[in-house]
Amino acid sequence: MSREDDKKVRKWAAHVEEAHLASRPWRTESWTDEEMYDGKQFTEQEIEDYKDVGVDLITINRTFPAVNMVLGLHATSRNEITAKARTSRDSEISQTMSEGIRYVLDQNKGSHQIAQAFKNQCIPGIGHI
């Protein structure tokens, strides 16, 4: 590897490290949100504190069904993506564009990708296609 390539690799690695450091706080919050959805409502320290005073914690997860209701509403009320014509002359091309959009979504499991991105936006707070 040449000296110039080595510089490029080091610069790229520095950018990656910087991105990891910058995203650490919100990634921690996202992980906590995932655990909350899965039913882990207390931290390890809180569990130990309650055990020390002789209290066994019982968790009723209200987050899981509430989020699942939102996800279910999204699944049942999906809209079809269509292209609209700006003028009457564009109506034919808008139909072609709509068919093209449907084709691309079908070929790339678009419904699943959109549903997964929405779920990721609801639970950990970040989701993109």
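The following legends describe close-up views of a predicted model.

**View 1. The largest pocket and the residues that line it.** About 270 Å³ of space lies in this pocket of the predicted model. Its lining is made up of His74, Arg78, Asn79, Glu80, Ile81, Ile101, Arg102, Leu105, Asp106, Gly110, Ser111 and Ile114, and these residues divide into four nonpolar, four polar and four charged. Helices α4 (91-107) and α5 (110-122) each supply at least two residues of the lining, with α4 giving the most, namely four residues.

**View 2. The salt bridge between glutamate 80 and arginine 102.** The closest N and O atoms of glutamate 80 and arginine 102 are 2.9 Å apart. This pair links distant parts of the chain, since glutamate 80 belongs to the loop between α3 and α4 whereas arginine 102 belongs to helix α4, 22 residues apart. Glutamate 80 counts as exposed because its relative accessibility is 54%, above the cut-off of 50%, while arginine 102, with a relative accessible area of 30%, is partly exposed.

View 3. Arginine 10 is exposed, because its relative accessible area of 58% is over 50%, whereas aspartate 6, with a relative accessible area of 29%, is partly exposed. Side chains of opposite charge can pair when their charged atoms come close.

**View 4. The salt-bridge network of Glu35, Lys40 and Glu44.** Salt bridges link Glu35, Lys40 and Glu44 in a network, and within it the side chains of lysine 40 and glutamate 35 meet at 4.0 Å from N to O. Lysine 40 is partly exposed, with a relative accessible area of 35%, and glutamate 35 likewise counts as partly exposed, at 23% relative accessibility.

**View 5. A nonpolar patch on the surface, formed by Tyr50, Val53, Val55 and Leu57.** Together, the four residues of this patch have about 330 Å² of accessible area. One of them, leucine 57, lies in the loop between α2 (44-52) and α3 (63-76). With a relative accessibility of 31%, leucine 57 counts as partly exposed, because this value falls between the cut-offs of 20% and 50%.

**View 6. Leucine 71 in helix α3, with valine 55 as a point of reference.** Leucine 71 has its place in helix α3 and counts as buried, because its relative accessibility of 16% is under 20%. The C-alpha atoms of leucine 71 and valine 55 are separated by 35 Å, with the two residues 16 residues apart along the chain. Valine 55 itself belongs to the nonpolar surface patch that also includes Tyr50, Val53 and Leu57.

Methods: Residues numbered from 1 in each chain as written. Predicted model: local features only at pLDDT ≥ 70, side-chain atom pairs only at ≥ 80, totals over all residues. Heavy atoms only, no water. Patch = residues over 30% accessible without salt bridge, like charges linked within 9 Å, V, L, I, M, F, W, Y side chains within 5 Å. Areas by Shrake-Rupley, 256 points an atom, 1.4 Å probe, with all protein chains shown as cover. Buried < 20%, exposed > 50% of the residue type's maximum accessible area, 1.4 Å probe, protein only. 1 Å grid on protein atoms, 1.4 Å probe; cavity = no way out; pocket = protein on both sides within 12 Å on 5 of 7 lines; lining within 4 Å. Points joined across faces, edges and corners; volume = space filled by probe spheres on them. Nonpolar A, V, L, I, M, F, W, Y, C, P; charged D, E, K, R; others polar.
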